[in-house]
Amino acid sequence: SYAGPTSTTANPRGVIRDLKGAVNDARAMQAILINRFQFQPDRIDTLFDQKATREGILNALQKLLNDSEANDVAVFFYAGHGSQVKNSLSKEPDQKDETIVPADAWKPGSKDIRDKELAVLYNAFLDKGVNLTVINDCCHSGSLSRGPQPPPVYRFTEDASYDAKDGSDPTPPETRIDKNFLIISAAQSDELAQEQPS
């Protein structure tokens, strides 16, 4: 949930619409991991609604990394808004980083989690020999459509209103053919993903 005291008030990036299906999607993924893939329930961490802050997400990923050993299987599933942020030092032609939008993004000064930040973390998993799967159910994330039934709610929010000014160029984890990394995304980097009533 992105609902907060200013979630319906104009801010530099505009209104961040609440999503109705993200928690259900995460619960469904949790059930699949337990029932189909035999993950132990006590080995699955979840961050719902206002617990899915920038700090909360990054800390949970770091904890997963710290707790993982070589040949472990680690899964990171994100359902929520995706966006972009200007990066004037980026080598990419559009000078934008793709982001996931944490639940506290409506707070002044709060920042999205950029793809370059995530790539550094993902590479740390691979360096440890962990088999990592990442599933992003948000806009600007990869390629997959959610279906044609209207009225959709886009898993998108306006671009973040700051310049990341990050010239780093981490190795894209998906190019590391020597490691086990799988990423599944709901939309191309320039596409929107939809949330449909079900």
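How many aromatic pairs does a search of the whole structure find? The search finds zero, where a pair needs ring centres of Phe, Tyr or Trp (its six-membered ring) within 6.5 Å, with planes under 30 degrees apart counted as stacked, over 60 as edge-to-face and the rest as tilted. This is a predicted model, in which local features need pLDDT of at least 70 and side-chain atom pairs count only at pLDDT 80 or more, while totals for chains, interfaces and linings use all residues. Residues are numbered from 1 along each chain as its sequence is written, and side-chain values use heavy atoms, with hydrogens and water left out.

**Figure 1. Overview of the protein chain.** The protein chain holds three helices and nine strands, taken as DSSP runs numbered from the N terminus (helices H or I, at least four residues; strands E, at least two). Along the sequence their pattern is α-α-β-β-β-β-α-β-β-β-β-β. The chain has 198 residues, of which 43% count as buried (buried is under 20% relative accessible area, exposed over 50%, partly exposed in between; 1.4 Å probe, protein chains only).

**Figure 2. The largest pocket.** Its volume is about 960 Å³. Asp45, Thr46, Val75, Phe76 and Phe77 are the closest to the pocket centre among the 40 lining residues. Elements giving two or more residues to the lining are α1 (22-35), α2 (54-67) and β1 (73-79); the largest share, seven residues, comes from β1. By class, the lining has 26 nonpolar, five polar and nine charged residues (nonpolar: Ala, Val, Leu, Ile, Met, Phe, Trp, Tyr, Cys and Pro; charged: Asp, Glu, Lys and Arg; polar: the others, Gly among them). A pocket is an open set of points on a 1 Å grid over the protein atoms alone where a 1.4 Å probe fits, with protein on both sides within 12 Å along at least five of seven lines; lining residues have an atom within 4 Å of a point. Points are joined across faces, edges and corners, and the volume is the space filled by probe spheres set on them.

Figure 3. β2 (residues 82-86) is largely enclosed by the rest of the structure, because four of its five residues are buried. Five bridges join β2 to β3 (residues 96-100), and the two run antiparallel; strands pair if DSSP finds at least two bridges between them. Lys86 has Lys96 of β3 as its bridge partner, and Ser83 stands opposite Thr99 in β3. β3 is likewise mostly covered, with four of its five residues buried. On to β4 (residues 113-114), β3 is joined by two bridges, again antiparallel, with Ile100 partnered by Ile113 of β4.

**Figure 4. A charge over a ring.** The charged end of Arg36 sits over the ring of Phe37, 5.1 Å from its centre. The criterion is NZ of Lys or CZ of Arg within 6 Å of the ring centre and within 35 degrees of the ring normal.

**Figure 5. Loop residues.** Most residues other than glycine have a negative phi. Asn71, in the loop between α2 and β1, has a positive phi near 75 degrees and counts as exposed because its relative accessibility is 64%. In the loop between β7 and β8, Lys165 has a positive phi near 45 degrees and is exposed, with a relative accessible area of 57%. Pro172 lies in the loop between β7 (160-163) and β8 (181-185) and is partly exposed at 36% relative accessibility. Pro172 and Asp115 are 57 residues apart in sequence and 9.4 Å apart in space, C-alpha to C-alpha.
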